[in-house]
Number of protein chains: 2
Amino acid sequence: MELLKKKIREEGKIIGDSILKVDGFINHQMDVRLFNEMGKEFKERFKGERIDKILTIEASGIGIATIIAQYFDYVPVVFAKKSLASNLDNELYHSNVHSFTKNKDYDVVVSKRFINKGERILIIDDFLANGCAACGLIDIVKQGEAEPVAVGIIIEKGFQPGRKVIEGLGVKVESLAIIDKIENGQVLFK
Amino acid sequence: MELLKKKIREEGKIIGDSILKVDGFINHQMDVRLFNEMGKEFKERFKGERIDKILTIEASGIGIATIIAQYFDYVPVVFAKKSLASNLDNELYHSNVHSFTKNKDYDVVVSKRFINKGERILIIDDFLANGCAACGLIDIVKQGEAEPVAVGIIIEKGFQPGRKVIEGLGVKVESLAIIDKIENGQVLFK
């Protein structure tokens with residue numbers, strides 16, 4: 001998606017040789033007009049697919065997922081919650097997710113009431129790197145006997161294994177921008 | 001807002017005599033069509049006011065704030081982050097917020113880059129009870145020498161002191177539904 005790549009080139013901040021900060025328009029301050037363009041793009045990529053629900057994870061996935069839902073006939077959006085305590089609540093699906101960024105394990109939880117058998121669910125997240133969050137969400141969708149239609153990502157780090165991990169689970173990945181590498185303070189896209 | 005009150009009556013879950021759960025349409029699963037109606041209602045209530053930015057707090061404020069921004073000419077939305085560690089980062093505004101629900105203190109932080117002198121900022125949150133989160137956000141807006149135009153709330157617990165606390169700081173409160181009391185498993189609105 002050219003508009004997004006342009007925005008990343010112009011306003012993304014690069015730290016070292018693997019960190020890209022997009023907190024000016026994606027995950028701290030949010031550009032809602034840009035999110036609407038992302039919604040149109042995802043709709044185009046999933047043309048003809050039945051989507052019953054969108055699943056994302058707090059916090060930075062929520063704004064994007066909410067706007068995207070408008071392009072999928074306003075389907076419900078569910079956000080998984082991160083908990084540091086292992087949650088034994090019987091009314092929740094949960095999955096253990098490791099965060100490499102924070103070097104912590106989270107128990108990611110979703111109420112069983114919001115994932116229903118047979119539902120076709122689109123998973124949305126802002127970044128794909130190692131794929132841990134997405135795998136946790138796929139795990140939860142499968143626990144609910146629903147179907148993970150695809151994982152939709154805003155920015156994929158193509159030099160990290162996330163895509164392979166998700167595709168290995170038999171789930172399609174659609175990313176709006178795939179970074180090939182970060183070099184000399186510049187982002188190079190695939 | 002009648003549509004919201006109807007939804008709360010029909011789909012809200014009451015636990016004991018002070019807890020209302022709206023996780024089926026506001027803060028776990030989200031009804032994006034309803035959020036759009038909220039956006040229209042807030043636009044009506046702030047007709048003629050200049051709003052430069054919307055500020056909310058993770059996680060459940062984000063979806064609502066993002067949709068609402070569409071009715072305010074797509075102004076940027078910033079979400080404050082909750083941190084359990086006291087954050088000494090010099091690039092952040094921070095404010096200490098006590099959560100009565102979780103009985104914890106949070107350091108609520110916003111990058112200094114995203115609150116600018118003179119900006120007129122609308123603060124949005126899903127619930128108002130004791131007003132702690134809203135006060136933290138007002139504090140941050142003032143640290144940035146910006147102006148808190150108002151606090152916009154989806155559901156206000158009218159039997160708790162939040163409104164008085166915020167108005168005491170000289171900031172207006174606009175709530176879409178104000179609960180007078182919860183009695184015999186029913187929500188009574190003001």
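The following dialogue goes through the interface between two chains of a predicted model and then some features within the chains.

Q: What conventions apply to numbering and to the model?
A: Residues are numbered from 1 along each chain as its sequence is written, while chains are lettered from A and ligands numbered from 1 in the order in which they are written. The model is predicted, so local features need pLDDT of at least 70 and side-chain atom pairs count only at pLDDT 80 or more, whereas totals for chains, interfaces and linings use all residues; side-chain values use heavy atoms, with hydrogens and water left out.

Q: How is the size of an interface expressed?
A: It is often given as the accessible area lost when the parts come together. Buried area is here taken with a 1.4 Å probe and summed over both parts. Chain A and chain B bury about 2900 Å² between them, and 60% of that is on carbon and sulfur atoms. In chain A, the residues that lose the most area to chain B are A:His28, A:Gln29 and A:Met30, together 23% of what that side buries.

Q: Which polar interactions are counted between chain A and chain B?
A: A salt bridge is a side-chain nitrogen of Lys or Arg within 4 Å of a carboxyl oxygen of Asp or Glu. There are 4 salt bridges between chain A and chain B. One of them joins the side chains of B:Arg113 and A:Asp23, at 2.6 Å from N to O. A polar contact is a pair of N or O atoms within 3.5 Å; within protein, one must be able to donate a hydrogen and the other to accept it, and residues adjacent in sequence count only if both atoms are side-chain atoms. Between the two chains, 15 residue pairs are in polar contact, with both residues at pLDDT 80 or more.

Q: How are two copies of a chain related?
A: The relation is a rotation about an axis and a shift along it. Copies are superposed by least squares on the C-alpha atoms of residues with pLDDT of at least 70 in both. Chain A is superposed on chain B by a rotation of 180° with 0.0 Å of shift along the axis, at an RMSD of 0.0 Å. The two copies are thus related as by a two-fold rotation axis. The copies meet through the same surface, because 97% of the interface residues of chain A are also interface residues in chain B.

Q: In which sense does β10(A) pair with β11(A)?
A: β10(A) and strand β11 (residues 186-189) of chain A are antiparallel, with 4 bridges. A:Ile179 has A:Phe189 of β11(A) as its bridge partner. The two strands form a hairpin with 2 residues between them, and A:Asn184 in the turn has a positive phi of about 50°.

Q: Which peptide bond of chain A is cis, from A:Glu58 onward?
A: The bond from A:Glu58 to A:Ala59 is cis, with omega near -5°. A:Ala59 is in the loop between β4 (53-57) and α3 of chain A.

Key
Buried area is the accessible area (1.4 Å probe) that two parts lose on being put together, summed over both. Contact means heavy atoms within 4.5 Å. Two strands pair if DSSP finds at least two bridges between them.
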